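Visitor: I'm new to this one. Can you put it on screen and walk me through?

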Amino acid sequence: MATNRNILTLDEFTIQEMRAFPRATGELAGLLRDVALAAKRINLEVNKAGLVDIFGDEGTINVQGEEVKKLDVIANDQFMGVLRHGISCAGIGSEELDDIVIFDDPVSNNAKYVCLFDPLDGSSNIDVNVSIGTIFSVYKRVSELGKPATEADFLQQGNKQVAAGYIIYGSSTMLVYATKRGVNGFTLDQSIGEYLLSHANIKCPEAGKMYSVNHGNFFTYEQPVKEYITACQKKTKDTGGPYTQRYIGSMVADVHRNLIKGGIFMYPTTTEKPKGKLRLLYECNPLAFIVEIAGGKATNGVIRILDVQPTALHQRTAMYIGSLKMMEELEGYMDADQKILS
Ligand code: P6P
């Protein structure tokens with residue numbers, strides 16, 4: 001396929017963005033370049049994951065004499081490697097690691113940013129060839145430059161993010177990232193190994209007709225959520241239903257679809273998971289940042305996801321995210337319930 005010279009690569013785009021901020025140091029652009037490089041390498045591993053059985057099961061030694069690792073671990077190692085050896089990141093928090101990792105070397109201690117990520121969300125779907133994703137979140141440090149990053153750098157509210165994004169490994173590999181200036185999507189052109197700007201200035205449709213939830217947990221959801229889900233299935237004047245139900249079981253894929261086409265994704269608390277299943281810092285905050293910059297909304301059922309004050313690296317939360325009007329419909333049921341309870 002001839003490459004259209006008018007389509008910006010990710011690097012060209014981030015450099016163009018830097019020109020809008022003469023005081024920009026290029027550190028954030030560098031961090032995004034590091035993330036994009038790691039994602040290219042992960043993409044190669046994801047694409048051949050189906051072949052692992054030919055080369056040997058996880059934990060065994062494959063025909064190349066290498067230990068076969070879980071894809072989550074490979075992805076985590078890739079991100080940690082590029083960020084540790086870059087110049088923009090002072091430390092990371094990862095779904096795969098119990099604690100934050102502070103890079104604590106002279107260059108990293110002078111880096112402005114810290115990064116949190118879920119290296120491979122939905123990885124249980126790999127063996128059935130369903131789309132999976134990487135989610136990342138970038139904060140400007142609050143700790144003193146020149147010294148090692150601290151836990152406080154990572155436990156900031158989501159509304160303090162300077163950038164957030166995801167890579168979806170699906171029918172194509174796409175990197176979507178947001179800063180306060182907007183949300184942009186880049187599709188990987190494998191023939192030249194470059195991400196090309198394919199979805200400029202993404203806006204989340206204000207209304208949508210798709211709702212995404214695990215119906216298997218329906219009877220454990222709180223009453224307002226059950227009422228909203230039921231309304232989605234009925235044609236009523238206020239919901240405009242019946243809607244289409246789509247649930248991939250990979251949050252990046254479900255949220256990406258809703259970001260582009262409109263819709264709502266819900267992962268409520270359940271009796272088994274009274275604090276929710278999804279992780280606040282490296283799953284919900286970055287996706288909430290992206291969707292809100294694109295004009296959508298994200299809450300935990302009580303307040304904005306981005307306003308939750310984190311207290312722990314791996315804390316969980318309920319998550320409701322998507323098109324503004326669908327979120328407002330859902331909140332209508334929640335508010336009505338609160339009035340009854342109050
Ligand atoms: P359930 C994947 O494991 C994940 O963290 C999200 O990507 C996904 O939306 C959710 O869990 C699916 O969870 O309980 O419906 O299988």
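Visitor: Which residues are linked with Arg-304 in a network of salt bridges?
Guide: Glu-292 and Asp-307 are linked with Arg-304 in that network. Keep in mind that this is a predicted model.

Visitor: How far apart are the closest N and O atoms of Arg-304 and Asp-307?
Guide: They are 3.0 Å apart, and the pair forms a salt bridge.

Visitor: Are those two buried or exposed, or in between?
Guide: In between. Arg-304 is partly exposed, at 31% relative accessibility. Asp-307 is partly exposed too, at 29%.

Visitor: How many salt bridges does the structure hold?
Guide: It holds 10. One of them joins Lys-48 and Glu-45, with the closest N and O atoms 3.6 Å apart. Another joins the side chains of Lys-70 and Asp-72, at 3.5 Å from N to O.

Visitor: Take Lys-70 and Asp-72. Which is buried and which is partly exposed?
Guide: Asp-72 is the buried one, with a relative accessible area of 9%. It counts as buried because 9% is under the 20% cut-off. Lys-70 is partly exposed, at 40%.

Visitor: And Lys-48 with Glu-45?
Guide: Lys-48 is partly exposed, at 42% relative accessibility. Glu-45 is partly exposed as well, with a relative accessible area of 24%.

Visitor: Why do such side chains pair at all?
Guide: Side chains of opposite charge can pair when their charged atoms come close.

Visitor: New topic. What domains does the assignment give?
Guide: Domain 1 covers 10-199 and domain 2 covers 210-338. Their centres, taken over C-alpha atoms, are 25 Å apart. In the contact, domain 1 takes part with 44 residues and domain 2 with 28.

Visitor: What area is buried between them?
Guide: About 2600 Å². Carbon and sulfur atoms give 67% of that area.

Visitor: Which three residues of domain 1 supply more than any other three?
Guide: Ile-135, Leu-155 and Tyr-166. Together they supply 23% of the area that domain 1 buries against domain 2.

Visitor: Which strands supply the domain 1 side?
Guide: Strands E1 (89-94), E3 (113-121), E4 (132-140), E5 (161-169), E6 (173-179) and E7 (182-189) each supply at least two residues. E5 has the largest share, eight residues.

Visitor: Last topic. Where is Gly-262?
Guide: Gly-262 is in the loop between helix H7 (251-261) and strand E11 (264-267).

Visitor: Buried or exposed?
Guide: Gly-262 is buried, at 0% relative accessibility.

Visitor: What is Gly-262 in contact with, leaving aside neighbours within four places in sequence?
Guide: With Pro-205, Ala-207, Gly-208, Met-210, Arg-257 and Ser-323.

Methods: Residues are numbered from 1 along each chain as its sequence is written. This is a predicted model: local features need pLDDT of at least 70, side-chain atom pairs count only at pLDDT 80 or more; totals for chains, interfaces and linings use all residues. Side-chain values use heavy atoms; hydrogens and water are left out. Domain bounds come from an automatic or database domain assignment. Contact means heavy atoms within 4.5 Å. Buried area is the accessible area (1.4 Å probe) that two parts lose on being put together, summed over both. Helices (H or I, at least four residues) and strands (E, at least two) are DSSP runs, numbered from the N terminus. A salt bridge is a side-chain nitrogen of Lys or Arg within 4 Å of a carboxyl oxygen of Asp or Glu. Buried means under 20% relative accessible area, exposed over 50%, partly exposed in between (1.4 Å probe, protein chains only).
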